[in-house]
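Please look through the chain shown below, and keep it in view while reading the briefing that follows.

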Amino acid sequence: MPAPAATTATPKGRAYGILAEFDTPAEIMRAAEVVRDAGFRRWDVFSPFPIHGMDEAMGLKNSKVGYISFTGGVLGYTTGMLMIWWMNAVDYPIIVGGKPMFSPFGAFPPSYELTILLGSFGALLGMLFLNRLPRLHHPLLKNKRFAFATHDKFYVVIETTDPKYSETETRKLLESAGSRHVEWVEE
């Protein structure tokens with residue numbers, strides 16, 4: 001049976017969320033399933049190393065970054081082909097020995113390079129946008145206990161902006177999930 005969870009008073013400033021501490025990967029996995037099943041949407045799990053199966057435990061879907069990157073690649077290839085066609089066949093046609101004004105074989109190398117360039121830009125910018133970055137400061141960085149997230153502790157944070165958030169009910173849920181320490185995090 002887990003030890004009773006430590007409590008902290010409600011924060012004086014604007015609350016960011018509730019931080020719950022766990023000791024083992026199995027405990028954090030179970031807590032993630034409990035929070036997911038409770039229907040929370042704005043929450044996250046922090047651990048010192050990747051935990052196999054955590055995506056499923058949190059109910060995360062596949063990332064949209066691949067679709068954004070693919071769209072960038074298609075845009076790059078199309079731009080390259082259209083650009084070379086326009087320059088050679090429409091804007092400044094030069095008739096040389098009966099050769100065609102446009103050949104996809106000659107236009108392929110620059111189009112391929114634009115595919116790679118815009119695909120990689122799509123991956124980078126899509127990842128930054130979907131992760132809401134750059135964020136120069138995060139409220140969890142002020143919390144002293146959260147520093148152990150890079151050493152040997154595991155944390156679940158439920159944000160106050162979640163529609164299902166309730167001070168007492170959320171705290172009870174995290175304590176029932178086996179948290180050893182639950183505290184408020186200020187903005």
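Is lysine 99 buried or exposed? Lysine 99 counts as exposed, at 60% relative accessibility, where buried means under 20% relative accessible area, exposed over 50% and partly exposed in between, with a 1.4 Å probe and protein chains only. This is a predicted model, in which local features need pLDDT of at least 70 and side-chain atom pairs count only at pLDDT 80 or more, while totals for chains, interfaces and linings use all residues. Residues are numbered from 1 along each chain as its sequence is written, and side-chain values use heavy atoms, with hydrogens and water left out.

**Domains**
- The domain assignment, which is automatic or taken from a database, gives domain 1 as 15-59 + 139-186 and domain 2 as 65-130.
- Taken over C-alpha atoms, the centres of domain 1 and domain 2 are separated by 45 Å.

**Lysine 99**
- Lysine 99 is found in the loop between α3 (65-91) and α4, where helices (H or I, at least four residues) and strands (E, at least two) are DSSP runs numbered from the N terminus.
- From C-alpha to C-alpha, lysine 99 and glutamate 159 are 65 Å apart in space, and they are 60 residues apart in sequence.

**The loop between α4 and β3**
- Arginine 132 is found in the loop between α4 and β3, and although it is not a glycine, it has a positive phi of about 55 degrees.
- Arginine 132 is exposed, with a relative accessible area of 52%.
- Proline 134 also lies in the loop between α4 (104-130) and β3 (154-159), and a cis peptide bond, with omega about 0 degrees, joins leucine 133 and proline 134.
- Most residues other than glycine have a negative phi, and most peptide bonds are trans.
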